[in-house]
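Look over the sequence and the structure first, then read on by topic.

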Amino acid sequence: MHIGFTAQETRFREECRDWLDENVPAEKRPIDAADAIDFDKAWQRRLFDAGWAGINWPAQYGGRGLSIVEQVIWLEEYAKARAPWIGANFVGINHGGPTLILNASEEQKAYHLPRILKGEAIWCQGFSEPGAGSDLAGIRTRGRIEGDELVINGSKIWTSFAHVADWQELVLRSEEGSTRHKGLSWVICDMHAPGITVRPIRKMSGQTEFAEVFYDDVRIPLANVVGGLGNGWSVAMSTLSFERGTGFIADQVKHSQEIEELIAAARANGMIRDERIADKLAQLRAEVAAVRAMTYRNISEVARTGQPGPEASVIRLFTSELGQRLERMAVLLMGEDVLDFAYGEDNAVADYLRGFAATIAGGTAQIQRDIIGERLLGLPKSR
Amino acid sequence: MDLTPNEGQTALQTATAEWCRGNMTLEDCRNRADALWTGLEAMGWTAMTARGMGLDHATEALVFAELGRFLAPISLLSSAVARRWFEERVTGKVALALTGSVHAALRILDPPASKMVLMAEAKKLTLLDLPDAGAEGDGGAHHVPHAPTIDLSTLQRRRERTGAEWTADDPTARLHLQLLSAAFAVGCADAARNMAADYAKLREQFGRPIGWFQSLKHICSDMAVRAAAARSELYYAACALDEHAADAAFHVAAAKRLADQAALDNGRANIQVHGGLGMTDEAAAHLPLKRAHLLQFVMPASRETLLA
């Protein structure tokens, strides 16, 4: 075991640092999705043009074809340089793209992957429904096959960036009368197709980042099914396992920046003299270190075996809850200034309010605990 | 960068666990035979840390986490660390003193048949020539009264600080002891997690194994999370020491803090999962909890180091 990097990896890190030093935009990313879309697309294009998009994606689709270790190095430097959140590109880069790489046909990959990397195509996710949240297999949105098309009816909810998206990773019931995990398909849905209505939903933090999506006889070519008709569940799970494995490295890396800022802030305003606060900060710093160690362990596992180990879900749970502890600490350190929070502000309070999503989206903390208990510890399945 | 054990390390882990299962079970930790120490020495665990062995901290941490899982004798920590830093001075078993100043009596852990005592001080490790036998001046280890500790595997006695002393000033010496203590705590947290998960699969209520119920399942999952976080940081800290990283002291402290918490919290959760049985002396559930309480005082992580 070792934590050092090779000479080649160290050179790569220096390249990342040099480019970020000169290119991270001075202006802040706008907080609302509709205002931020131009910013997000322009920034992604700049990353692509300089060769920083899709570092571990295959080169024939516009990626760099490097290893996951280089991807982690890039993300570490990205966080250190305080580069902006990739925003609306998040779903394409972290869910849609990786799922296509694993499951899609050559034509699908050749068309979509470069567009995702260039920031030309914004993706959103269509998994949850009003009646299918944690119980994702309860999906009722259906696609009736007519000739070489699927005719889609139903609705999805909590779809981040739906109102600015071009494409959606949509899981629907393509086999009439099927139940649970069977008869589902994972479809590339054109968000500009007739019959789609998007109703943006305002969050308690004030932003309009997610939405409800309604489908009224929406026609999508059967050629847009990924991984074969009826295989939607396993395709969707490959996305989720990717998400639980390596999709959140960016967040994990970000925490190491945040804890240093919190300690500095507590020193600056004198609150660190409060023993309880000092102790909490010490604890958080140890936990942030553990996240990096867990991430490195997981990456090593991927490098060695090609896939994240079963402990990936442990990292996902630990990181999401740690992020919330950091956000609570940031709010605590603000003291009475918390009371001044108003909609539209982009500050620690907004992060704290948005941060509740971390233990809800992509599998709640409770579902993660079920998975850990059942897959890692071998306890009997409750569902 | 690679934080997974290589084949040789995995084989060593497996061999250690196998030997422990046959010779040093957790359940028997309060009645260990005098001959156990001879067995531990024969297996090489008291001297694997010697310079001549050329093992790295990462390998040591992996093996000590396995030993910790079976609540191996506390003085294995002091004996192994003393062998690295006082190589030519050390003979036989070295007990572990918790704290001490010139005026206060030392609290010596696991003293039976020990030849010397190892103690961590502010910036150094000190080896004391304080053999256990003849402590009262009337010879023979059998006549020396040892007091129990909360950890049923560990006896103790109070001793004045007398006799010859040697010191190791290298700051890495203290970190070495802290790292292996963290490894013991990681093993202890693992033991409690495994015990709870095994029981949750076995014990039935309402016609089902209790591990079927989310309320119990989630207690066990949290135990797994704590153990995984502590173990990962242990690996990182061991590598930081091996590679002379500037922040090695921070990482060893972080590993100890997380491992101590994991051991204590998992120890408590294990009692809860066992229900009434967990309350009993007869069942083994209280053993990791009590070991965890002892480990809190062995090289605790300081807040200053964590915030430095």
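## Briefing on chain B

This is a predicted model. The buried residues of helix α4(B) are Ser75(B), Leu76(B), Leu77(B), Ser78(B), Ser79(B), Ala80(B), Val81(B), Ala82(B), Arg83(B), Arg84(B) and Trp85(B). That makes 11 of the 11 residues in this helix, so α4(B) is largely enclosed by the rest of the structure.

**Overall build**

- Chain B has 9 helices and 9 strands.
- Its radius of gyration is 19 Å, close to the 19 Å that the globule rule gives for 308 residues, so chain B is as compact as a globular protein of that length.
- Along the principal axes, the C-alpha atoms of chain B fill a box of roughly 65 × 50 × 35 Å.
- Buried residues make up 53% of the 308 in chain B.
- Take the contacts in chain B between residues at least 6 apart in sequence: 70% of them join residues at least 24 apart.

**Nonpolar core**

- The largest nonpolar core holds 214 residues.
- Leu179(B), Cys220(B), Leu234(B) and Ala259(B) have the most contacts inside this core.
- Helix α5 of chain B, residues 171–202, gives the largest share of the core, with 19 residues.
- Leaving out residues up to four places away in sequence, Ala259(B) touches Ala182(B), Ala185(B), Val186(B), Ala189(B), Ala230(B) and Leu234(B).
- In soluble globular proteins, nonpolar side chains tend to be buried together.

**Contact with chain A**

- On the chain B side, 35 residues are in contact with 36 residues of chain A.
- The elements of chain B that give two or more residues to this side are α5, α6 (214–242), α7 (248–278) and α9 (303–307).
- Helix α6(B) supplies the largest share, 15 residues.
- By type, the chain B side divides into 21 nonpolar, 7 polar and 7 charged residues.

**Positive phi in two loops**

- Leu71(B) is in the loop between α3 (57–69) and α4 of chain B.
- Phi of Leu71(B) is near 50°, a positive value in a residue other than glycine.
- Is Leu71(B) buried or exposed? Leu71(B) counts as buried, because it has 30 C-beta neighbours inside 10 Å.
- Met299(B) lies in the loop between α8 (286–295) and α9 of chain B.
- Phi of Met299(B) is also positive, near 50°, and this residue is not glycine.
- Met299(B) is buried, because 26 other C-beta atoms lie within 10 Å, and the cut-off for buried is 20 or more.

Methods. Residues are numbered from 1 along each chain as its sequence is written. Chains are lettered from A and ligands numbered from 1 in the order in which they are written. This is a predicted model: local features need pLDDT of at least 70, side-chain atom pairs count only at pLDDT 80 or more; totals for chains, interfaces and linings use all residues. A nonpolar core is a set of buried Ala, Val, Leu, Ile, Met, Phe, Trp, Tyr and Cys residues joined through C-beta atoms within 7 Å. A residue is buried if 20 or more other C-beta atoms lie within 10 Å of its own, exposed if 12 or fewer, and partly exposed in between; C-beta atoms are placed from the backbone. Helices (H or I, at least four residues) and strands (E, at least two) are DSSP runs, numbered from the N terminus. Two residues are in contact if their C-beta atoms, placed from the backbone, lie within 7 Å. Ala, Val, Leu, Ile, Met, Phe, Trp, Tyr, Cys and Pro count as nonpolar, Asp, Glu, Lys and Arg as charged, and the others, Gly among them, as polar. The radius of gyration is taken over C-alpha atoms; the globule rule is 2.2 Å times the number of residues to the power 0.38.
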